[in-house]
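Dear colleague,

I am handing over the structure we spoke about, and you will find it directly below. My notes on it follow, and I would be glad if you read them with the structure open beside you.

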Amino acid sequence: MDKRTGSLFLLFYFLIPLYSVGVQVSMRVLNSDDQVTERVALNVPFVVEVAVSDEQGSIQTPQMTGIKQFILEDKGHVSTINTIINGHRSTKKIYRFSVRAARKGIFSLGPAHILIGNQRIRSDVLTLTVGEQQVTSDEPIMQLIANKERVIVGEKINVALRFYPGKSTSLDGISEPNLTGFSAEPLKGPFTGTENINSESRKYIEWRTTLYPQKSGSVTIPSVAAVYKIARKQRSRGFDVFERFFDGGLQQKQVFSNALNITIDELPPYNGTVDAIGNFDSLRASIDHSVAKEGEGIVYRLTLEGEGNLQSIEAPELTVPEGLKYYESKSYVNESRVSGNQRKIFEYILQGIKPGTFVIPAQLFTYFDLDKRIYKQLCSNEIELTVNPIGNAAKQTVTQSNAESVVAQKENNGLMPINHTGPWREQQPRQIPWTVFMVLCSMPVLVALGTVGRNLLLMHREKNSDKRKESQAFSVAFVALKKARKEQHLGKLHELFITLFAHKFGQSNELVTDDFIITCLQKGATPAIKTEWQLFFNELLQSKFGYQEYPAKKKEQLFELADQWLNRLQELL
Amino acid sequence: MKSTFLFLLFFTLHSLVHAQNNQEVFLQANQAYEQNDFKQALQLYDSITYKGAAVWYNMGNCYYALENFVDALVYWRRAQQQFEPKVYHAAEPNIGILADKTGYTQSPSLIDRLKKLSVHGSLLIWQLVFLIIWVLLFILFKFKRRLLLLAANSCAVVLLAILLTVKYNDMTRHYGIINDDASLFIGPGEHFSAQAKLPKMHEVVVGKKVAGWYNVAYADGSGWVPVDKVSLIN
C-alpha cells in the first residue's frame, strides 16, 4: 500500500513540472486607445493586461507586485481565447485591470505571477512613468475644472466638465462623474464657448454642476471619460467599401479628463446649532390663518432667501409659546418673484392646544457666512395668532394685516376642510323595513275601516229590522212551533202567533190583541175562517193561562192545528 | 361549543383588527392631505374597505385639489348619498364652490330642497315621526278634537309622506354625473337620433343598461347616453 502511494506521488512530482513548462505569463500596460505604453497621465485610467497562455485548468486571478501603488478602479475583466493549430489546442486567458495613478513619478509594476502546483510562473517587470497629460492641438481634450480647490464643509463649489473637440471628431457622450462625498446638483448643459490653450483658440462644450462637500478631508474627483468618434487613420483598402458601409470609416475612442483634488476644511468651532453654510439674506415668517379654532391646523412658513445648499438645509426647530404645538410638514425650494433669488420654504403645522392670543416669537437661523468666514444669525418676524375655543367659530374675524388669510373654517382653496372624525366606515342606514313600515302604516287605516264598517253594518241592520222581521215572520214561527212541539210546551203556541202578527205588521208584541188580529184578518179571511180562528186562538189562551192539563193526544191535535193555521195564515196574509 | 366560541372570538378579533387598520389608513390619508400630498392621500383613502361618508367626502376634496372636478363632484355626491348630516352639509358648499369654478349649474328643484330637509334626520327617525303623526291623525279624527289641530296634523302627514317618498326614491335610485359633454340619444345606439346635449357635470338619474348605453333621466326629459360618459354616484 505504502509503495503504491509513493509511486503515485512520484508520478505527480514529475508530471506537474512537465505540464507547467508550457504555461506563460505576460503583462503589458495599455492606454485609452488600447496601445501599449510606458507613460500614463496622472489620474487618467489605464489598463494593465495580464495574459496566461496554455493554461488548461481553472486557476486564481494572477497577482501583481506593485499594483498597490495605483488605484484599482476595475478589478478585472477576463476573456478566454481558444485556438487549435494542427490539432494542437492552446488556450489564452486575458485579465484586464483598470487602474489610475494618483502620484507622479516612475514606478515598477510586476511581475505578474500565478501558482500552478508548487511552481510560480512570473511575467517580466514593467517600468511606468506617470506625468501630466500630454495634449496636442489635434486631439480632443476633456477637462474637469473647479472654481475652488480648498473649501469648508458645505461650501459651494462650481465644477465644469469641459470637452474640447479635436479635428474631425464628434462627441458621443461623457461618463457620469463620480462625486462621492459631495452633495451635487444635477448636471446642466451642454453650454458652448471658446478658450485659448497654448495660444490657440479652441471651442469647447461644457456641463456644469454645483457641489457641496459633506465631510472634511481630501477628496478626489476621478477623471471623467468622453467618448467620441474620429476618422480611421489606416484603412485596409480591400474592405474599404464595407467599412464605409458599416461605420462610415469612423472609429470610437475615448479621452479622459484630469482628476480633481479638493481639500475640505472643518468649520470653525461654534457653541450651538449651525443650520446652514452660505450667504443668506433674509428669514421671514408667515401663517395662513391669523385666527383659528382650538385644535385646527395652521400652516406656519419660514422663508429663507440666499445662496447655499438649500436642498440639504433641514427645517430649523421652532420656538413656540406654551399652548401651541407644531409638526414639521414639508419644505421646498423655489425662486423669489421679487428678488429672483433662490429661497427655501419650510412649512410647519401649528395647532392651538388652548384658546388665547399667542405671539410666535422670532425664529433664529444660524449659518456660517462664507464671505466673512464668521457665524451669523438671521432673525424672523414675530407672528400673532388667536386661537378661539371650539364652538366659537362664528366669532372668528379676519385680520386686515394678513390680506391673504381666509376664514379659518375654510381651507386655502375655499373648500370645507376634510373630515377627521368620520364615519370612515360605511354605515347601513337605520330604518324600519319598508314592508313592515307599510304594514304599520296600514294598521290605523284598517282599524278605522273596521270601525266604520261595523257601524255601517249595525245601522243597516237597524234600518232593515222591520222588513226583515216581516219577511221572516213565518219562518220564525215555524221554527218556534217545531221547538214547542219538541218540548210539548203548549203555552208557547200563543206567544208564537202573537209574535207572528207583531213581526208581520210591524208592531210590538204588547200591542197585538184579539181585535188587532181580527183587523188584520179582515182583508182576506171569510167570516167562517174568522170564527174558526177565534175558537183556535181561545183554545191557545186556555192552554197557556188555564189550569187544565191537556192529554198528549189533545196536545198533538193542538200542535197540528197550529201548524195548519200557520199554513193558512201564510196564504191569507 | 368550544370551537364555536373560538370561531366567534377569532371573528371578533379579526373584525376589530380590520377596523383598526382602516382607521389608521384613514388618519394617514388625512395627514397626507394636510401635507398637500393629494395623490398619496387618494391612494390611502382608496385602500379603505367599506368606505364611509367621510372617506368619500375627503376623496372629493383630493380630486378637487388635483383639479379633477368631475370626480370631485362624483365623490362629494357619493358622500351625500350616505345621508350623514354632517358630511352632507360639508359637501354642499364645496359643490357650490365647484359650480362657481367650473360654471356648472343645475338649479335645485323642489325635490332637491326636500332631500336637503330629509338629511336632518335618519330614515328611521322620519319613519317613526311619520308613524306617530299618522296614528295621531286617526286618534284626532276618532275623538273629533279641534278641527285646526286635525288639519295641521293632516298637512304634516302629507308633507312627511312626500318626504319619505323622496328619501326612499333617493335611496333606491341610481345617480350619475355626466363626465364629458354628451349627446342624449332617443335609443341605445348612435344610429338613433340625438335629441339633446347634456353638459359635463350634469347629474342624471341612471336607469337600465343596454349594450353599453345607460337610460338616463333628468329634469327636462330622458334618453340614452354611452356608459363611458356617465360616472356613477351610487
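Which residue in E9(A) is the bridge partner of A:His113? The partner is A:Arg122.

Before going further, please bear in mind that this is a predicted model, in which local features need pLDDT of at least 70 and side-chain atom pairs count only at pLDDT 80 or more, whereas totals for chains, interfaces and linings use all residues. Residues are numbered from 1 along each chain as its sequence is written, chains are lettered from A and ligands numbered from 1 in the order in which they are written, and side-chain values use heavy atoms, with hydrogens and water left out.

To return to the strands (DSSP runs of E with at least two residues, numbered from the N terminus), strand E8 (residues 112-116) of chain A runs antiparallel to E9(A) and is joined to that strand by four bridges. Both belong to an open, antiparallel sheet of three strands in the order E4-E8-E9 (chain A), where two strands count as paired if DSSP finds at least two bridges between them. Strand E4 (63-64) and strand E9 (119-122) of chain A are the edges, each pairing on one side only.

A:Phe368 has A:Tyr375 as its bridge partner in E29(A), and among the four residues between the strands A:Arg373 takes a positive phi near 55°.

As for the interface, 32 residues of chain A are in contact (heavy atoms within 4.5 Å) with 46 residues of chain B. The area buried between the two chains, meaning the accessible area (1.4 Å probe) that both lose on being put together, summed over both, is about 3300 Å², and carbon and sulfur atoms give 64% of that area. In chain A, the residues that lose the most area to chain B are A:Ile418, A:Trp424 and A:Trp434, which together account for 23% of what that side buries.

Finally, A:Gly181 lies in the loop between strand E14 (169-174) and strand E15 (182-184) of chain A, and counts as buried (under 20% relative accessible area, 1.4 Å probe, protein chains only) because its relative accessibility is 18%. Leaving aside residues up to four places away in sequence, A:Gly181 touches A:Tyr212, A:Pro213, A:Gln214 and A:Lys215.

With best wishes

Notes
Buried < 20%, exposed > 50% of the residue type's maximum accessible area, 1.4 Å probe, protein only.
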